[in-house]
Amino acid sequence: MTILKPKKQMLKLVEVLLPTNNRDGSSAYLRETFINSDHIISITQDVNAAALHAEGRMPPGLHDAQQFSKLSLSNGQEMVVVGNPSLIQSKAKKVIHG
């Protein structure tokens with residue numbers, strides 16, 4: 001088994017995987033992911049994930065004041081991650097500039 005080590009430009013984040021049908025009461029779940037920081041186009045606050053958190057539909061253990069961000073990627077996809085936009089930007093800068 002080969003273990004891949006993230007390259008310097010890879011940003012380690014916690015992705016929020018939202019249920020496909022929010023009306024059925026299912027909860028979101030979290031997973032660790034690595035994103036190439038060069039592929040991030042924009043970072044915005046995600047109020048939908050915050051609303052799910054307020055409804056108790058996020059995994060237990062997250063702080064009550066936890067914030068979430070939506071990343072727009074260069075391939076046209078979007079993803080929701082744990083952390084406010086300023087924190088995510090700061091992490092990306094740290095990875096890029098060492």
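M10 stands opposite N36 in strand 2. That pair belongs to a predicted model. The protein chain carries two helices and five strands. From the N terminus on, these elements run β-β-β-α-β-β-α.

- The five strands form an open sheet in the order 2-1-5-4-3, with antiparallel pairing.
- Strand 2 and strand 3 (40–45) stand at the edges.
- Each of these two has a single partner strand, so one side of each is left without a neighbour in the sheet.
- On average, neighbouring strands of this sheet are turned by 45 degrees against each other, direction ignored.
- In a regular strand, side chains alternate between the two faces of the sheet.

**Strand pairings**

- Strand 1 covers residues 10–17 and strand 2 covers residues 29–36.
- Eight bridges link strand 1 and strand 2 in the antiparallel sense.
- Strand 1 also runs antiparallel to strand 5 (residues 78–82), and two bridges join them.
- V16 has V80 as its bridge partner in strand 5.
- At strand 3, five bridges make an antiparallel pairing with strand 4 (residues 68–73).
- Within strand 4, L73 is the residue opposite I40.

**K91 in helix 2**

- Helix 2 spans residues 85–97 and includes K91.
- Is K91 buried, partly exposed or exposed? K91 counts as partly exposed because its relative accessibility is 34%; the band for that class lies between 20% and 50%.
- Leaving aside residues up to four places away in sequence, K91 touches L11, K12 and L13.
- K91 and L11 sit 80 residues apart in sequence. Their C-alpha atoms are 7.3 Å apart in space.

**Whole-chain figures**

- Of the 98 residues in the protein chain, 34% are buried.
- The protein chain exposes about 6700 Å². Carbon and sulfur atoms supply 51% of that area.
- Take the contacts between residues at least 6 apart in sequence: 55% of them join residues at least 24 apart.

Conventions: Residues are numbered from 1 along each chain as its sequence is written. This is a predicted model: local features need pLDDT of at least 70, side-chain atom pairs count only at pLDDT 80 or more; totals for chains, interfaces and linings use all residues. Side-chain values use heavy atoms; hydrogens and water are left out. Helices (H or I, at least four residues) and strands (E, at least two) are DSSP runs, numbered from the N terminus. Buried means under 20% relative accessible area, exposed over 50%, partly exposed in between (1.4 Å probe, protein chains only). Contact means heavy atoms within 4.5 Å. Accessible areas come from the Shrake-Rupley method with a 1.4 Å probe; for residues, only the protein chains shown count as cover. Two strands pair if DSSP finds at least two bridges between them. Axes are lines fitted to C-alpha atoms, for helices over the stretch in contact, and angles run from 0 to 180 degrees between N-to-C directions.
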